[in-house]
Amino acid sequence: MKTVYVDNNATTKVAPEVLEVMLPYFSELYGNPSSMHFFGGQVEKKVNEAREKVADILGAEPSEIVFTSCGTESDNAAVLGTLDAYPEKRHLITTRVEHPAIGNVCTYLGRKGYRITELSVDREGQLDADELKELIKDETVLVSIMYANNETGVIFPIEEIGEIVKAKGIPFHTDAVQAAGKIPLNMKKSTIDMLSISGHKLHAPKGIGVLYIRKGTKFSPFMIGGHQEKGRRGGTENVPYIIGLGKACELAKKHLDEENTRIRVLRDYLEKKILETIPSAMVNGDRVHRLPNTLSISFEYVEGESILLLLSDLGICASSGSACTSGSLEPSHVLRAMGVPFTAAHGSIRFSLSIYNTKEEMDYIIEHLPPIIQRLRDISPFWKDYLRSQGKV
Amino acid sequence: MWDYTEKVKDHFLNPRNVGEIEDPDGAGEVGSLACGDALRLTFKLDENKRIKDVRFKTFGCASAIASSSALTEIIKGKTLEEAAKVTNQDIANYLGGLPVEKMHCSVMGREALETAIANYRGQKVKKEDFEVVCNCFGVTDREIIKAIRENDLKTVEQVTYYTKAGGGCGQCHPKIEALIEKVTKEMKKEAPPARPERKKLTNIQKIKLIEETLGREIIPALKADGGDLDLIDIEGNKVYVALRGKCSFCPSSELTLKQYVEMKLREFVSDDIEVEEVRP
């Protein structure tokens, strides 16, 4: 059975070029970059080159790049490191649709006595930047708003938000885990103070992340230890993964055009064909301001886990915002925040593409998805009721 | 990914008895679109008042569809009195088990059956008669109490897995805790003595029963792993055996003897049985 992998917002394949450059650092090049001998020094040089490559796709200075263990650590470090730097301030602003790496940190802080304000989103999953103006207070310590949503791919007006935040002199963090490598980012012309990246979302391995910290931003280290990362993150550098991430960023820069042309075309093709062939289907989220690789689509009167398992049976790997897939009992907090009706929220499927996907793969999905939805609708008690209500049977 | 049994996968991929009977003798529907799963059950009886035909339509995940399919297979051919005794655990067992977080799917099956039978009998299971404990999922105290009783649930988390109650905002958790405490107390009072007294066996009866148990329960299982066992002697409560085949040099033979052979003999013959190995 062939595998059609369209779950790249969950994780991506490690690029073969990335794996190749990593391997020597597991064997002969095992030196510690901090060591005072040539053996460590040669590794340090390569770590710095990787840092430059990461800085390059962000339009940042290498000194502004801090390597972490994952996107979640980057997010935690940004929030907790800022709170620690401003202990007298007790108010945070975020959104209702953040990834749990921010959302659950805020819930935790709420229990610890911080005041948390969550911006709502509209039916398109889009934010109203103006709403923010009223919400920033003297006691606000940080605004953290994701760059692009992992479930819908909706891109927020981050620079517009940043202008508002900076006008009030407040630190501004963004979780750009889904945006990095898919849309251009340039910190030189940005209002962002801190930005999180996760390696495994852009064809580097799992277990490596980045926190960009703009020069001059007040920050206390979250991981306390040695002098590594200029004292901003203790712990011996994860050398092979850092080297791999450097290569992945170099590739991401090279492939950025392709993401926004060929992949966008493939995604749009998939979307168009599904909407043409399957009735009562709807796209979730703002279709204009959206990552080029992401399609969140709901099929009414059927349940997402069932769709996923039938797709999986044919080798197609996607994901769902349905309750049953998460082990929780409620559908995705993102779709609920958007007010997607229950008829559709439980039947949402996310397809997320990468540069490794092909037109043939899209055709394979388009061939097999309609019978799957029809099969589940034939089992569903609500589909016939719906058709009846529409006078169609 | 959920660890579904082959049986769950089979009933999900090839559901039995899908559909809706026109003009059914009994019909029941539980769940809703908002809750994320729903089951509509219809059945028809034959002249002997046995379930002749039963059909389901289900909106939900793989385990909800498989549970519905299993339910229809279980109750086909049964009288309503027999069918009414089917528990959610029967449905889960039929499927070779469900992930604990998915047990509510089996409970949904049992509830749909109950509703359909009540419908046939002209009764109505009215939610208004009971207190809605969980507002997020509209679960009443009656449903929660029943799940606690039938499945011996001890924690709020378990109640959520079995009924969904408490799986939303979480405000009802104290109420669920109170129900667990109340039902557990009631069950303790009702509980019969731990085990009915066993009839005293004569020596001959005992030897016969040991031989039977070895032949039926124990030796086939050992043989399946390439081992075997011979009964050497029985002296009072002591059973002397010799391990053969792979068992004779298996490093865990001690464990097999104590945890398996002895346990089985205690279960089927007598609580005081002790098994000892005779080495060649």
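**Entry 1**

I started at Asp193(A), which is buried at a relative accessible area of 7%. Buried here means under 20% relative accessible area, exposed means over 50%, and partly exposed lies in between, with a 1.4 Å probe and protein chains only. I note that this is a predicted model, where local features need pLDDT of at least 70, side-chain atom pairs count only at pLDDT 80 or more, and totals for chains, interfaces and linings use all residues, while side-chain values use heavy atoms, with hydrogens and water left out. Residues are numbered from 1 along each chain as its sequence is written, and chains are lettered from A and ligands numbered from 1 in the order in which they are written.

Which residue forms a salt bridge with Asp193(A)? I found Lys166(A), with the closest N and O atoms 2.6 Å apart. Lys166(A) sits in helix α6 (residues 158-167) of chain A and Asp193(A) in the loop between β6 (172-175) and β7 (194-198) of that chain, so the pair ties together parts 27 residues apart in sequence. Lys166(A) is partly exposed, at 31% relative accessibility. I use "salt bridge" for a side-chain nitrogen of Lys or Arg within 4 Å of a carboxyl oxygen of Asp or Glu. Helices (H or I, at least four residues) and strands (E, at least two) are DSSP runs, numbered from the N terminus.

**Entry 2. Other salt bridges**

I looked up the total: 44 salt bridges over all chains.

I then checked Lys46(A) with Glu49(A), a salt bridge at 3.6 Å between the closest N and O atoms. The two are 3 residues apart in helix α2 (residues 38-58) of chain A, which means about one helical turn separates them. Lys46(A) is partly exposed at 34%. Glu49(A) is partly exposed at 29%.

In chain B I took Arg142(B) and Glu114(B), whose side chains meet in a salt bridge of 3.4 Å, N to O. Arg142(B) is in helix α6 (residues 141-151) of chain B and Glu114(B) in helix α5 (residues 103-120) of chain B, so parts 28 residues apart in sequence are tied together. Arg142(B) is partly exposed at 26%, whereas Glu114(B) is buried at 19%.

I also noted a network of salt bridges that links Asp385(A), Arg388(A), Glu20(B), Glu29(B) and Arg40(B).

**Entry 3. Lys182(A)**

I found Lys182(A) in the loop between β6 and β7 of chain A. Lys182(A) is buried yet has no salt bridge. Which side chain of opposite charge is nearest to Lys182(A)? It is that of Glu259(A), 6.7 Å away. For charge, Lys and Arg count as positive and Asp and Glu as negative; His and the chain ends are not counted.

The Lys182(A) side chain makes a polar contact of 2.8 Å with the side chain of Gln178(A). Such a contact is a pair of N or O atoms within 3.5 Å; within protein, one must be able to donate a hydrogen and the other to accept it, and residues adjacent in sequence count only if both atoms are side-chain atoms. Leaving out residues up to four places away in sequence, I list among the residues touched by Lys182(A) Asn9(A), Leu256(A), Glu259(A) and Asn293(A). Contact means heavy atoms within 4.5 Å.

**Entry 4. Cysteines**

How many disulfides are there over all chains? I get 0. The cut-off is a pair of cysteine sulfur atoms within 2.5 Å. The sulfur of Cys134(B) is 4.4 Å from its closest cysteine sulfur, in Cys172(B), too far for a bond. Cys136(B) has its closest cysteine sulfur in Cys169(B), at 3.7 Å, also too far. Cys134(B) is buried at 1%, but Cys136(B) is partly exposed at 36%.

**Entry 5. Positive phi and strands in chain B**

Asp23(B) is not a glycine, yet its phi is positive, about 55°. I place Asp23(B) in the loop between α1 (6-13) and β1 (26-32) of chain B, exposed at 62%. Asp152(B) also has a positive phi, near 55°. Asp152(B) lies in the loop between α6 and α7 (156-163) of chain B and is partly exposed at 43%.

Next I checked strand β6 (residues 227-235) of chain B, which runs antiparallel to β7 (residues 238-245) of chain B with 8 bridges. Two strands pair if DSSP finds at least two bridges between them. Leu231(B) has Val241(B) in β7(B) as its bridge partner. The hairpin of β6(B) and β7(B) has 2 residues between the strands, and Gly236(B) takes a positive phi near 60° there. On to β8 (residues 274-277) of chain B: 4 bridges join β8 to β7(B), and the two run parallel. Tyr240(B) stands opposite Glu276(B) in β8(B).
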